[in-house]
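Open the model in your viewer and follow along. We will go from the whole chain to a few single side chains.

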Amino acid sequence: MTPDLTATLAGLPARPGVYLMRDGRGTVLYVGKAQSLRSRVRSYWQKQSPYGEAHRIRSVIDRVADVEYTLTDSVAEALLLEANLIKRFKPRFNVRLKDDKSYPYIKISLGEDFPRIERTRKLVEDGSRYFGPYASASSVDESMNLIRRLFPFRTCTLDIHEGKQAIARPCLLYHIKRCQAPCVGYISKADYRAQIAQIELFLEGRQEVVARELSKQMQAA
């Protein structure tokens, strides 16, 4: 173990995050996450480790010349960052998280006149925008439930085009104010798209921008 690596291990914080193990040439050998970076990463060099099968990469430890780490606010955030870094670097000693289908996304079908918002595990180049990956299906459900409470948007699979009425009467979601009924022409494409743009900002984490815009709309009303 080099002096620099020894110093890095000694200074690891006891906080959640993601770590990258690199060899002498800078190649990423392994990407991992931890609730406590200090405990997890240092344990790779301990003869008796509490992590058992998670240390299946012990055979490569002698090749590790450097460890980089990024702090996160939670283990769930670390999980998502780990997934993205594995997809980016494709380290040979990671045996999971290389398939986009492993994690769900929120999809906004921007290729439609009146976009839908749904959960998906498939990334298709069809003009849609994807947010994620999320740590679990329940994480997506929580996000979907939240934006449904904050913003009205359609959840049906009707083929709706501007200027054309898709059905005779709006469904129950319109009557409980969860949808603006583009299916019967109760909202224009431009106004609906403006609502979708706010949802995009919200999913980007720019809630303060959305709050300011909603405040302006309330004052104008």
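Start with the whole protein chain, shown as a cartoon. There are 7 helices and 6 strands in it. Bear in mind that this is a predicted model. Trace the elements from the N terminus: they run α-β-β-α-β-α-β-β-β-α-α-α-α.

The protein chain exposes about 12,800 Å². Carbon and sulfur atoms supply 49% of that area. Of the 221 residues, 39% are buried. Contacts show how the chain folds back on itself. Take those between residues at least 6 apart in sequence: 56% of them join residues at least 24 apart.

**Stop one: a sheet**

Select strands E1, E2 and E3. In which order do they lie? The order is E2-E1-E3, in an open sheet of 3 strands with antiparallel pairing. Look at the edges next. Strand E2 (28–34) and strand E3 (66–71) stand there, each with a single partner strand, so one side of each has no neighbour in the sheet. From one strand to the next, the twist averages 20°.

Zoom in on E1 (residues 17–22) and E2. They run antiparallel, joined by 6 bridges.

**Stop two: aromatic rings**

The whole structure has 6 aromatic pairs. Select Tyr19 and Tyr30. Their rings form a tilted pair, 6.4 Å centre to centre, with 40° between the planes. Tyr19 sits in strand E1 and Tyr30 in strand E2, 11 residues apart. Both Tyr19 and Tyr30 are buried.

Tyr44 lies in the loop between helix H2 (37–43) and E3, 25 residues from Tyr19. Are these two residues buried or exposed? Tyr19 is buried, with a relative accessible area of 1%. Tyr44 is buried too, at 2%.

Tyr19, Tyr30, Tyr44 and Trp45 form one aromatic cluster.

How many disulfides does the structure hold? It holds 0. A disulfide would need the sulfur atoms within 2.5 Å. Compare their surroundings as well. Cys156 is partly exposed, with a relative accessible area of 28%, whereas Cys183 is buried, at 7%.

Definitions and conventions: Residues numbered from 1 in each chain as written. Predicted model: local features only at pLDDT ≥ 70, side-chain atom pairs only at ≥ 80, totals over all residues. Heavy atoms only, no water. Buried < 20%, exposed > 50% of the residue type's maximum accessible area, 1.4 Å probe, protein only. Pairing = 2+ DSSP bridges. Helix = DSSP H or I, 4+ residues; strand = E, 2+ residues; numbered from the N terminus. Axes fitted to C-alpha atoms, helices over the stretch in contact; angles between N-to-C directions. Contact = heavy atoms within 4.5 Å. Areas by Shrake-Rupley, 256 points an atom, 1.4 Å probe, with all protein chains shown as cover. Phe/Tyr/Trp six-rings, centres within 6.5 Å; stacked < 30°, edge-to-face > 60°.
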